[in-house]
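Hello,

Here is the structure I said I would pass on. Please look it over before you read my notes.

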Amino acid sequence: MQIVDQTPQTSPAAGADVIDVSLQNFRAEVIDESTRRLVLVDFWAPWCGPCRQLTPIIEKVVASRRGDVRLAKMNIDANPEIAQQLGIQSIPAVVAFHQGKMVDAFMGALPEREVKAFVERCIGPAAEDPEALFVEAQALLDAGDVDSAEIVFARILNLAPEHAGALAGLARVAIERDALDEAKALLDAVPAKQASAAPVAAARAALALKEQAGSVGDLAMLLAKVENAPTDHQARYDLAVALNAAGRRDAAAQELLNIIKRERGWNEEAARKMLLQLFESWGPLDPVTREARKQLSALLFA
């Protein structure tokens with residue numbers, strides 16, 4: 001049988017977390033390294049199909065551990081001695097070393113969840129990543145699940161007490177609940193060096209809009225006022241603020257665009273300035289922000 005070299009390739013981004021080992025460097029790169037972190041030795045061969053299936057799975061699990069696990073890949077065709085010493089008779093085989101000793105092993109191509117469970121059996125679950133949690137919390141908040149978002153933001157602050165995004169996120173939660181004093185206190189707790197971070201700026205914009213919405217009047221009354229007086233820019237401006245507070249983003253943007261189209265310079269370009277404030281509050285990736293920004297550009301540069 002002709003053997004084609006199909007060595008699993010190590011991603012450059014993996015760095016020292018994923019390496020190829022041989023008999024010559026096994027002690028240094030596996031045994032000695034295992035006194036600092038868990039080392040998984042993946043015994044494989046070029047002709048082994050299941051090995052090629054398993055290796056990317058292990059690499060993914062190792063990457064998710066952010067440095068507390070190393071993957072050492074050993075080609076048993078080129079280095080049969082270690083596999084023989086460990087009594088490995090079939091591959092793929094993965095042996096875990098920790099504190100200088102072999103602690104566990106498994107044979108065969110396992111699915112990702114089982115490889116993850118194997119690692120957790122050896123050294124416990126991975127520490128939570130504040131940034132990954134922040135993405136999760138933001139998604140929950142954007143979906144309107146305020147209670148769940150609050151729980152995740154709080155978990156972030158347990159890990160990183162000065163996390164600007166989490167403080168801003170809890171402020172957004174407070175704003176949704178009309179607890180404006182609480183929102184202010186949370187934003188005041190953001191470290192000065194992070195005060196201009198995008199989530200903080202968005203929360204401050206949302207707070208300002210919420211405060212302004214409390215003074216513009218009833219939504220139904222404003223709708224009737226604009227219908228009766230289409231050229232009353234102040235009434236339309238107030239209506240936009242009220243519509244945004246009611247969660248009707250697209251309608252709010254359209255009212256402001258209407259003012260800009262009719263009289264761009266009204267009240268020192270108040271409509272344009274308010275629209276930019278809304279964009280900041282909603283975020284640059286919000287679909288309404290994207291569409292309204294296009295329409296604003298078309299009006300300003302026509």
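This is a predicted model: local features need pLDDT of at least 70, side-chain atom pairs count only at pLDDT 80 or more; totals for chains, interfaces and linings use all residues.

Numbering runs from 1 along each chain as its sequence is written, and side-chain values use heavy atoms, with hydrogens and water left out.

The largest pocket holds about 910 Å³ of space. Its lining has 32 residues, and D142, R172, R249, S281 and W282 are the closest to its centre. Two or more lining residues come from each of α5 (130-142), α7 (164-176), α9 (198-213), α11 (233-245) and α13 (266-282). The top contributor is α9, with seven residues. By class, the lining has 17 nonpolar, eight polar and seven charged residues.

The second largest pocket holds about 200 Å³. Its lining consists of K60, V61, S64, R65, E112, K116, V119, E120 and A126. Both α2 (49-64) and α4 (112-123) supply at least two of the lining residues; α4 gives the most, with four. Here the classes are three nonpolar, one polar and five charged.

On terms: a pocket is an open set of points on a 1 Å grid over the protein atoms alone, where a 1.4 Å probe fits, with protein on both sides within 12 Å along at least five of seven lines; lining residues have an atom within 4 Å of a point. Volume is the space filled by probe spheres set on the points, which are joined across faces, edges and corners. Helices are DSSP runs (H or I, at least four residues), numbered from the N terminus. Ala, Val, Leu, Ile, Met, Phe, Trp, Tyr, Cys and Pro count as nonpolar, Asp, Glu, Lys and Arg as charged, and the others, Gly among them, as polar.

Helix α8 (residues 180-188). A183, L186 and L187 are buried (under 20% relative accessible area, 1.4 Å probe, protein chains only). They cover an arc of only 95° around the axis, so they sit on the same side of α8. The arc is taken from the directions from the helix axis to the C-beta atoms. D181 and D188 are exposed (over 50%) on the face turned away from the buried side. The buried residues of α8 pack against α7 and α9 (heavy atoms within 4.5 Å).

Cysteines. There is one disulfide (cysteine sulfur atoms within 2.5 Å). C48 is joined to C51, S to S 2.3 Å. The S-S torsion is about 85°, so this disulfide is right-handed. Both C48 and C51 are buried. The sulfur of C122 is 19 Å from the closest cysteine sulfur, in C51, too far for a bond.

Best wishes
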